[in-house]
Amino acid sequence: MTSTPSRHIRRVAVLGSGVMGSGIACHFANVGLEVLMLDILPRDMDATETRSAVRNSVAAQALQAAIKSKPAPLYDKDFVKRITVGNFTDDMEQLGDYDWIIEVVVERLDIKQKVLKQVDEVRRRGSLVTTNTSGIPIRMIQEGMSEDFRQHFCGTHFFNPARYLRLFEIIPGPDTKEEVLDFFMRYGQLYLGKTTVMAKDTPAFIGNRIGVFSLSKSYQLTDDLGLRIETVDKLTGPALGRPKTGTFRLGDLVGHDTGAHVMTGIRENAPDDEASAVMEIPQYYQFLLDNDFLGNKSGQGFYKKTTDDEGNRVILGLNLKTLEYEAPQREDLPSLKTAKQIDDLPRRVQALFKAEDKGGEFVRRMLAGLFAYSANRIPEISDNIYSIDDAMRAGYAWKMGPFEYWDAVGLQAGIDAAEADGATLPQWVKDMQSAGHDTFYKREDGKLKYYDLESQSYKVKPGTEAFIILDNYREQTPVYQNSEVTLHDIGDGVACLEFTSAHNSIGEGVLRGYQEAITKLEEEGWRGMVLGNNADNFSVGANLMLIAQLAYQQEFDELNQAVNLFQQSVMRLRYSAIPVVAATQGYVFGGGCESLMHCDAGAVAAESYIGLVEAGIGVIPGGGGTKEFALRASDSFFEGDVMIPTLIDRFKTVAMASVSTSGYEAYNYGYLIEGRDKIVVNKDRNITEAKSMVLDLANDGYTMPRQRDDITVLGRGGLAALYAAANELQKGHFASAHDIKIAKKIAWVLCGGDLTGTQQVSEQYLLDIEREAFLSLCGEQKTLERIQHMLQTNKPLRN
């Protein structure tokens, strides 16, 4: 890339307030930008109406609908204050004050051009203008615009929902300045938290071009092989490292009118596409369109929700032959049974690919088609393989992109399968193989390299320099390792402790890993440690199976020792001679949250869902979490302050097992501390940021803090207030009788027990009563039932 001149985005205007527009506006607000969102005047408005509330009501109502939608588009509801609404008639003149103007109106060329011509008249020279079109050529949209407009105009394609789907496609126009493209590639990754890919101005760009082919190929094979739709959804869901929606549920989610529009658009606008026949609308798909069975938006599509004679909810599936809805029928495929037994995704993909039943044939032919189609799209839609893989992982939430799947099954096996299915592969794949290269990617010297077609050699993947990917360190000897953790040297005297346990649960191996890793790093003079991993979820919490086993067997001495080990291990994260910073993402539950709270700081991905969830399984946070809330409540008390309201807020957070919907919301709950913990919008950067924080602490002369013996607790006075708050929860039907028993145990610890008045106590005192309360609840039958239910269903039981 060329060097990018300094450009700062402070104010963004979003033109269009539909589902996509309002979602984009909310995400801009998430990252701290001042946002203006405009839309049309109300169609039924009186021509003499002057009240702005009425004139702006289209955009205002769309924004309110977005705020109420799930999943939440905002990191924090207060961020809506950063968004101002208006209308195209009254407010276009304001666009001269905005740094970036993004058009998100209806997918019609004439309307887009009409809106953007108005923008061209009022924008400031040099300001950025983009379109969020999902397929209209950029070259057509910019026709008739001024030279400066065209030079600063391109496509910026967000995927819906804008907050959660990470793909951000940058599509150049014929006249777009290189510096503008470089800016968006960097800005999207660094400030918007996206995976940015440079696409070409071709039909459906990258993500939807490959994604729609994959869906279409799966539709075709389902019909050809006579498989049921629910079976195919299992084959193309988590078994292949893809979302649970699989193929047909994804079609219902997207909407079949939208799907048909994209398929038709590719066929019409890419007439030389060798797979255009695959994207013909199948007969059963046309049946859905003809009957307005458009998927979730219309109430039925491939699936239909109904109730049986007894009033139970039933989901019926469409029989593609009879075009009638039927109750789900299980197809016992050996390939699916085998897949369930393999945790490692590349090995699981390989096993499915090699399976000889109908499931194996489906996966083999589907992937073979994907391999050939993706390879043939270079250089049409992209000049490199990694942009295609990035697009599918970020836009469709696949764990592996097409060329990563190909590496998993083997280059020659993929070639054989593609040719057996009648596909033609491009010459560059054969040249690559002839040159002795048998993988599309490889890791060398701690760096991920990709096969570059132009040089016919491997190059470091651009943009990954700022990411610490732990897979890149597996070739080197670990600094320390046990069965549940690995300690990696990530450079500059900093190590990263990675969980390797199932689901990153925290058991004895992880806890001993905390203590032994820190001791080793202290003794060898390391500068600090990051606690982090690259998994989807930082940690689901403590190993419930171990707790359940000890509780069922009434082994309370062993359980006491286990809880004490947990407490002392998380305390070791805080009380060490080196700084320890956590890098989190995804679920940060229970013991994972307690670990984060005891580190010196956290580099917390914005998409971190943080909570002390133990009350949901019938116990209190027993790994230092309840103690820590007492300590933090004490630190928030000011001289002359009314302490009870602060204590009640902290009590409700723990007693109701509240989970933040983002890293930002975790500040409100008290899981994070302003000035100590930092939010990282791009989760791929959190370990890098945590390492930087470790080095900053070390450079500032880090000294181990002393254990606290000055924690203010309120004793009986606090207990009375918290018991009253607990009773209010029960009266409001927010809590069962057992919930109240748990809540009173939490109150007991937060208040320091049955003390006659306000006193100062030590951390160890609070840990002791926390552990005692935890053990007392483990002996309750209701608690045992909740733990068992959680282990079986992964859902909390309220009893």
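# Close-up views of a predicted model

**View 1. Helix H18 and the residue that follows.** Helix H18 (residues 402–409) is largely enclosed by the rest of the structure, because 6 of its 8 residues are buried. This and the other views show a predicted model. The buried positions of H18 are Pro-402, Phe-403, Tyr-405, Trp-406, Ala-408 and Val-409. Just after H18 comes Gly-410, which takes a positive phi of about 100°.

**View 2. An open sheet of 7 strands.** The strand order is E15-E16-E17-E18-E19-E20-E21, and the pairing is mixed. Strand E15 (480–481) and strand E21 (678–680) form the edges, each pairing on one side only. Within the sheet, strand E18 (residues 528–532) and strand E19 (residues 580–589) run parallel and are joined by 4 bridges. Met-529 has Val-580 of E19 as its bridge partner.

**View 3. Helices lying across the sheet.** Helix H24 (residues 591–598) lies across E18, E19 and strand E20 (601–611). The direction of H24 is at about 155° to E19. Helix H28 (residues 686–699) lies across strand E17 (494–499), E18, E19, E20 and E21. Relative to E19, H28 runs at about 150°.

**View 4. The hairpin of E9 and E10.** Strand E9 (residues 303–307) pairs with strand E10 (residues 313–318) in the antiparallel sense, over 5 bridges. Lys-305 stands opposite Ile-315 of E10. The hairpin has 5 residues between the strands, and Gly-311 takes a positive phi near 85°.

**View 5. Salt bridge between Arg-139 and Asp-201.** The structure holds 54 salt bridges. In one of them, the side chains of Arg-139 and Asp-201 meet at 3.5 Å, N to O. Arg-139 lies in helix H6 (residues 138–141) and Asp-201 in the loop between strand E8 (195–198) and helix H9 (207–225), so the pair ties together parts that are 62 residues apart in sequence. Arg-139 is partly exposed, its relative accessible area being 42%.

View 6. An α-helix has 3.6 residues a turn, so residues three or four places apart point the same way. Arg-512 is partly exposed at 38% relative accessibility, and Glu-508 is partly exposed with a relative accessible area of 44%.

**View 7. Salt bridge between Lys-741 and Glu-780.** The side chains of Lys-741 and Glu-780 form a salt bridge with an N to O distance of 3.4 Å. Lys-741 is placed in helix H30 (residues 737–750), and Glu-780 in the loop between helix H31 (763–778) and helix H32 (781–793), so their pairing ties together parts 39 residues apart in sequence. Lys-741 is partly exposed at 38% relative accessibility. Glu-780, at 24%, is also classed as partly exposed. Elsewhere, salt bridges that share partners join Arg-209, Asp-273, Glu-274, Arg-377 and Glu-380 into one network.

**View 8. Surroundings of Glu-331.** Glu-331 is located in the loop between strand E11 (325–326) and helix H14 (334–340). With 22% relative accessibility, Glu-331 counts as partly exposed. Leaving aside residues up to four places away in sequence, Glu-331 touches Leu-227, Arg-228 and Thr-231. The side chain of Glu-331 reaches the backbone nitrogen of Arg-228 at 3.1 Å. The C-alpha atoms of Glu-331 and Ile-101 are separated by 51 Å, and these residues are 230 residues apart along the chain.

**View 9. Aromatic pairs.** Across the whole structure, a search finds 38 aromatic pairs. Phe-287 and Phe-293 form an edge-to-face pair, with 5.9 Å centre to centre and 75° between the planes. Phe-293 counts as buried, at 19% relative accessibility. Ring pairs also link Phe-28, Trp-100, Phe-158, Phe-168, Phe-183, Phe-184, Tyr-187 and Tyr-191 into a cluster.

Notes:
Residues are numbered from 1 along each chain as its sequence is written. This is a predicted model: local features need pLDDT of at least 70, side-chain atom pairs count only at pLDDT 80 or more; totals for chains, interfaces and linings use all residues. Side-chain values use heavy atoms; hydrogens and water are left out. A salt bridge is a side-chain nitrogen of Lys or Arg within 4 Å of a carboxyl oxygen of Asp or Glu. Helices (H or I, at least four residues) and strands (E, at least two) are DSSP runs, numbered from the N terminus. Buried means under 20% relative accessible area, exposed over 50%, partly exposed in between (1.4 Å probe, protein chains only). Contact means heavy atoms within 4.5 Å. A polar contact is a pair of N or O atoms within 3.5 Å; within protein, one must be able to donate a hydrogen and the other to accept it, and residues adjacent in sequence count only if both atoms are side-chain atoms. Two strands pair if DSSP finds at least two bridges between them. Axes are lines fitted to C-alpha atoms, for helices over the stretch in contact, and angles run from 0 to 180 degrees between N-to-C directions. Rings of Phe, Tyr and Trp (its six-membered ring) pair if their centres lie within 6.5 Å; planes under 30 degrees apart count as stacked, over 60 as edge-to-face and the rest as tilted.
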